[in-house]
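Let us walk through this assembly, starting with how its copies are related and ending inside one chain.

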There are 4 protein chains.
Amino acid sequence: MNSKEQFAFEKVFLELPEQLKQIPNLGEVASYIPELSHVNPEKFGIHLITADKQNFAYGDSNEKFSIQSIAKVLSLTLAFKLEEEKLWERIGVEPSGNAFNSLFRLEQEKGIPRNPFINAGALLICDVLVSRLNQPKEEFLDFVRELVGNPKINYCERIALSEKEHGYRNASMVNFMKSYNNINNDVEEVLDFYFHLCSLEMSCAELAQAVTYLSSDGMNLLTQKEVISPSKTKRINAIMQLCGFYDEAGEFAFEVGLPGKSGVGGGIIAIHPLKYTVAVWSPKLNEKGNSYRGMKILEFFTTQTASSVF
Amino acid sequence: MNSKEQFAFEKVFLELPEQLKQIPNLGEVASYIPELSHVNPEKFGIHLITADKQNFAYGDSNEKFSIQSIAKVLSLTLAFKLEEEKLWERIGVEPSGNAFNSLFRLEQEKGIPRNPFINAGALLICDVLVSRLNQPKEEFLDFVRELVGNPKINYCERIALSEKEHGYRNASMVNFMKSYNNINNDVEEVLDFYFHLCSLEMSCAELAQAVTYLSSDGMNLLTQKEVISPSKTKRINAIMQLCGFYDEAGEFAFEVGLPGKSGVGGGIIAIHPLKYTVAVWSPKLNEKGNSYRGMKILEFFTTQTASSVF
Amino acid sequence: MNSKEQFAFEKVFLELPEQLKQIPNLGEVASYIPELSHVNPEKFGIHLITADKQNFAYGDSNEKFSIQSIAKVLSLTLAFKLEEEKLWERIGVEPSGNAFNSLFRLEQEKGIPRNPFINAGALLICDVLVSRLNQPKEEFLDFVRELVGNPKINYCERIALSEKEHGYRNASMVNFMKSYNNINNDVEEVLDFYFHLCSLEMSCAELAQAVTYLSSDGMNLLTQKEVISPSKTKRINAIMQLCGFYDEAGEFAFEVGLPGKSGVGGGIIAIHPLKYTVAVWSPKLNEKGNSYRGMKILEFFTTQTASSVF
Amino acid sequence: MNSKEQFAFEKVFLELPEQLKQIPNLGEVASYIPELSHVNPEKFGIHLITADKQNFAYGDSNEKFSIQSIAKVLSLTLAFKLEEEKLWERIGVEPSGNAFNSLFRLEQEKGIPRNPFINAGALLICDVLVSRLNQPKEEFLDFVRELVGNPKINYCERIALSEKEHGYRNASMVNFMKSYNNINNDVEEVLDFYFHLCSLEMSCAELAQAVTYLSSDGMNLLTQKEVISPSKTKRINAIMQLCGFYDEAGEFAFEVGLPGKSGVGGGIIAIHPLKYTVAVWSPKLNEKGNSYRGMKILEFFTTQTASSVF
């Protein structure tokens, strides 16, 4: 990062508190499972890590929250690493143009999910990992812990259980894909892994660190080890750009202009390839299910720093 | 462009002929209107213009062809410039997840096209321009001629007529949107403008020049005049990234990694923001309707030069 | 009709006024074209003709109203008579499971309308008649006038014009089918015929007479001439049973239990094969677009006379 | 039945063998579960019972086969009897216009199945019976045994198990409806009941007897006891007419003209209200999944006896 960029970043982080005051905290906290609804809706955190390892942070950036669907970036990374190009015989890379849990297109396309970030696709990625790993939950957790450099990262069993109790739509999807022979493992085992995956708890600081490989040609900035190849890194970023925000991917590209992924816990990660990763958290969601203030602040940030990929 | 980049670009253009020999010329020339089917399927051209005005070219890069849907980038640019943010009240920025001429989603979304590049959206953009311009066909042509710096750029009346004779699907869409009060002008006038728009003939060299503003924060490299603002430039690039290749946008982002737009004449433009614009032409289309060799060569190019936005 | 049936019918018609008082006049008069909205919403008429030519009537049964889609039974009859079994190569006989003007299924089924009573199907029937008749509007009118025995039956030009002015959805459908080569004539000519067809004005007495062939193995009760064959009569009744009430065909079969056809003018015809035809009129429509009181009174009638086909 | 009708019926049954020779045995035996594919494809049986208790039979009419979806008429009858009109708050009576196992419409209509005969609807009916009965499988079996007058009627455990092993699509649907709170019991219990229901084995003679109440205002001809009320009888017949043949209901109404229900085992029942019930069996199915020769023979029968309801 050159000095001009550094100055711009510092300036924006200084202006953040004032800017935040001007953004009404609109939307609703996710309530489809009771556990998610207990969060304090006023929480706000942001943490950014540049490719040359500078850190910028503000607010509740060290407080853990339920990262939910953001975990799908990490499971995709591990599955892509293990499965190589064969992965794309069972799943697409196209935006769905539908809500995250729609079965309409899955029916039209005979059990092949459109991409790894809609629920059906993320469930299929879980099936891949259940096939590839001996102890899927434990080994995936190890993978994440090493990415973050924190052996205490963990699932929230309470959230995972609650997801399971309200998980009929996801059970419907796994059974549906299995009817098309696109799920190889036991339905319950795939679902159990999926519900745990979504229950991961991390802070903005941890999330931003976990995905540093996406802004560094595949190399984890902490360990300096290659997580995946540069080519696959680009591809994961491309999928995030096109499919990371459900049916609001276009809006995010239009307003923020970075690859990213959101979760219903109110978290968002965004990647500026070769420049930085950023994680933001604000629990209230807009009507499309993405963090209201999270998107606004990222828009403010990329506008002020002129740092969209477009 | 630094010397390392320059060297890489030169090297890739030198390797192009050999690379091209290794790509089978698969696919089919578009034949839905007879005029398009007469083209020589062996044609291949490419022209690249860097933000610092260097030109790289190969093959039939000065031969004119029917740019078809690529013209939708130019009409969107003019409409966005004239209509400002009000434009987005009548049209979305999300990928459709459907074929380019599907009415399914248009029905679900009550006559609001998903984005400016599916046929319905491009027709709506034509309606905007018919409202805003006194002589739509002439004034739009002036706009394009100035972008290219060539007063001889023109519509192909023969192609436009042929489109009209086979244009029942497009007529269906305009009538459909008008039934939802999302078309303000006479159906025939909108269609006539649309058919002419799609009949524009340009060479790769002209196309690459026409869109230089998309790699230069909105400024035309030839005239040094602002075509549109930097912010709108980013937004057009974002829409191209998400919606520029019909139902293969994800594939293009995944393999090539640049914002772009294709046409059924076999042309593709791609933009590396702040770095370069490139136009490629090879008439045979893959099953999704995008140039087969065009996509392969752009993939080769961005891989060799490591120049995707991701 | 035996004396027991006759007694039952007389009794029900005597009870009608009292019954009618107990049915709230719910729903809304059709307003998608201004002309239809001017009707007095309190109007109510019913006329029944038995296969042995007895007539039962009540209320405004001699007052003309816009029969709208009920005319589609008459155009289907003429087209089936002229085109024979070839007709079914271009149109289906299955319920659509969709609203009357949906394009969704038409797209899935490549321009083949599901049945002759959804708008797309009725438009296709008009195309058949335009091909088969020298002067479609005049000859169709002659056909209807002979069915009723009244040379004064006529189109309402004011309604036809108003339909045309608001007919973009229908124009969309004809163009759509033509894009699949399933319309053989000029789009405007087909639409003009369709809009006139829907503008026919008849009274309940006239309507009940017009369709007497459907309760008499194809023979018009007035002229004693065969309109169509017994076999085709059964088939038209079958199509009415399954497709006559848009997305409420099941409800009508469930509650009334007779083949029938409704129109947005508030008219309904129903047929008890070999027993009677009945026409009822009450302008206010339920949310599915069928006459609210019309359906209620027919339900009352078939329940009291135990005369459903089931 | 008058003497003229009796003569006609006798004549048709005498002509049946010759007629059958003229119908090619086209189509394919169902093979989605291995057990169904083992049947002899040449089998053919028919059994008809008139409202005045005359029996007509031909071929393998006493051989048991897997009645599959025909059982849904019996489960609907029991559920309608137990649940009364409340049943229709959870399920519709409209044709679906889709394949029997489509989730598309179920998603559009928020977990409310279109009718009791598509798979989702039949599963919901099973949920009703699981709620209402203490021992659903046993009590339902008792109900069927009493209808037939044969205590040996039974499920085929081998078929039920095979259905379960290939039942992911059905599991998907139950989970889907449960996600909309339209399934009240345990998913596995509902599925187990459903798979048993579909495994019932009966002969044409037994099937025709089982549904005699549908041609006799609700009264079982054997026991002379009311199974359900006359009004509900009509309604079940109406639903069969509109929804009994998946996406071929219109074709069956058009060609045969009677309420009926088919199963993938090659069986069909048809009802002429107040006149007769008939069961036919021929294992090979047309492409819509209905018995090829079964439909042809019923068409021949109703044409020859002029006994359609239309």
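Chain B can be laid on chain A with an RMSD of 0.0 Å, by a turn of 180 degrees and a shift of 0.0 Å along the axis. That is the relation of a two-fold axis. The superposition is by least squares on the C-alpha atoms of residues with pLDDT of at least 70 in both copies. Of the residues of chain B, G97(B) comes closest to the rotation axis, at 2.4 Å (C-alpha).

This is a predicted model: local features need pLDDT of at least 70, side-chain atom pairs count only at pLDDT 80 or more, and totals for chains, interfaces and linings use all residues. Residues are numbered from 1 along each chain as its sequence is written, while chains are lettered from A and ligands numbered from 1 in the order in which they are written.

Now turn to the contact of chain B with chain C. Each of the two chains, B and C, gives 12 residues; residues are in contact if their C-beta atoms, placed from the backbone, lie within 7 Å. On the side of chain B, α3 (104-108) and α7 (168-179) are the elements that give two or more residues. α7(B) gives the most, with 8 residues. Helices are DSSP runs of H or I, at least four residues, and strands are runs of E, at least two, numbered from the N terminus.

Finally, look within one copy. Chain A has 12 helices and 9 strands. Its C-alpha atoms fill a box of roughly 55 × 40 × 35 Å, taken along the principal axes. Among contacts in chain A between residues at least 6 apart in sequence, 66% join residues at least 24 apart.
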